[in-house]
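Trainee: Can we go through this one together? I would like to know how to read it from the overall layout down to single residues.
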Amino acid sequence: MADPAAPSSLSTLSTNESIVIDGANSVGGAPRQQFPQGNASLVVALLVFVAALLVARSKRLRPGLVVALLVGGLPGGVVVWALRADAPLARPALARAVTDALDDLRRVAPWPAQPARVVRDDGDVLFPLARYAWPSRPDAGVVVDLRGAPLSSRCVLNEAAGRFICGAGP
């Protein structure tokens, strides 16, 4: 799990890695106690709820109800449209990072001509991508270590070990 003090863990799904690991619809990219502005969001939600009840009872200020609902949805909208790594403006960078990582895995062992035998798999960010690059794990083929790490890691041949190391180095 990401370091709670790191800037990237202040917002759920704020990094390319969190999108790959947790998926676009997940809320598991950051520890629950570090959820962004949790108390502030709760206070805004309660205020908007009370205001919506008052406006709904008055029958005169219906536009006020619409404004209250828009204000209540604003924090979530900001997260989805601007802060997440899959926000509309960030999607090209996310697609480029995923494509580059997949291209590097395919460079090591282009499936099915050269299947990969994964001897170490940390189950982190490279795991789901490797499943796309190498859909099966045979007993023979190019020997590969998948070592979690950031998406921008490259596969490098470790001459001493006789295998490719993808991700964090030895």
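Mentor: We will start with the whole chain, then take the sheet, the helices, the salt bridges and a surface patch.

Mentor: Keep in mind that this is a predicted model.

Trainee: OK. How many helices and strands are in the chain?

Mentor: The chain has five helices and four strands. In sequence order the pattern reads α-α-α-α-β-α-β-β-β.

Trainee: And how much of the chain counts as buried?

Mentor: Of its 170 residues, 30% count as buried. The chain exposes about 10,300 Å², and carbon and sulfur atoms supply 64% of that area.

Trainee: Now the sheet. What order do the strands have?

Mentor: The order is S1-S2-S4-S3, in an open sheet with mixed pairing. Strand S1 (116-121) and strand S3 (155-158) are the edge strands, each pairing on one side only. On average, neighbouring strands of the sheet are turned by 30° against each other, direction ignored.

Trainee: What does pairing involve, in general?

Mentor: Strands of a sheet pair through backbone hydrogen bonds, and they can do so parallel or antiparallel.

Trainee: Which way do S1 and S2 run, parallel or antiparallel?

Mentor: S1 and S2 run parallel and are joined by five bridges. One place to look is Arg117, whose bridge partner in S2 is Val143.

Trainee: And S2 with S4, in which sense do they pair?

Mentor: They pair in the parallel sense, over four bridges. Here Asp145 has Ile165 in S4 as its bridge partner.

Trainee: That leaves S3 and S4. How do they run?

Mentor: S3 and S4 (residues 163-167) run antiparallel, with four bridges between them. Cys155 stands opposite Cys166 of S4, and Val156 has Ile165 as its bridge partner. The two strands form a hairpin with four residues between them, and Gly162 in the turn has a positive phi of about 70°.

Trainee: Change of topic. You mentioned a buried Asp145 and a buried Arg147. What are they linked to?

Mentor: Asp145, Arg147 and Arg163 are linked in a network of salt bridges. Side chains of opposite charge can pair when their charged atoms come close. For Arg163 and Asp145 the N to O distance is 3.6 Å. This pair links distant parts of the chain, with Arg163 in strand S4 and Asp145 in strand S2, 18 residues apart.

Trainee: Is Arg163 buried or partly exposed?

Mentor: Arg163 counts as partly exposed, because its relative accessibility is 27% and buried means under 20%. Asp145 has 3%, so it counts as buried.

Trainee: How many salt bridges does the structure hold?

Mentor: Seven. Another is between Asp86 and Arg84, with the closest N and O atoms 2.8 Å apart. Asp86 is buried, at a relative accessible area of 12%, and Arg84 is buried too, at 15%.

Trainee: Which residue does Asp103 form a salt bridge with?

Mentor: Its partner is Arg106, and the closest N and O atoms are 3.4 Å apart. Asp103 is partly exposed, with a relative accessible area of 40%, and Arg106 is partly exposed at 38%.

Trainee: Last one. Which residues make the nonpolar surface patch?

Mentor: Phe49, Val50, Leu53 and Leu54 make it, and the patch covers about 400 Å². Leu54 sits in helix H2 (residues 38-58).

Trainee: Does Leu54 count as buried or exposed?

Mentor: Exposed, because its relative accessibility is 58% and the cut-off for exposed is over 50%.

Conventions: Residues are numbered from 1 along each chain as its sequence is written. This is a predicted model: local features need pLDDT of at least 70, side-chain atom pairs count only at pLDDT 80 or more; totals for chains, interfaces and linings use all residues. Side-chain values use heavy atoms; hydrogens and water are left out. Patches are made of residues with over 30% relative accessible area and no salt bridge: like charges are joined within 9 Å, nonpolar side chains (Val, Leu, Ile, Met, Phe, Trp, Tyr) within 5 Å. Accessible areas come from the Shrake-Rupley method with a 1.4 Å probe; for residues, only the protein chains shown count as cover. A salt bridge is a side-chain nitrogen of Lys or Arg within 4 Å of a carboxyl oxygen of Asp or Glu. Buried means under 20% relative accessible area, exposed over 50%, partly exposed in between (1.4 Å probe, protein chains only). Two strands pair if DSSP finds at least two bridges between them. Axes are lines fitted to C-alpha atoms, for helices over the stretch in contact, and angles run from 0 to 180 degrees between N-to-C directions.
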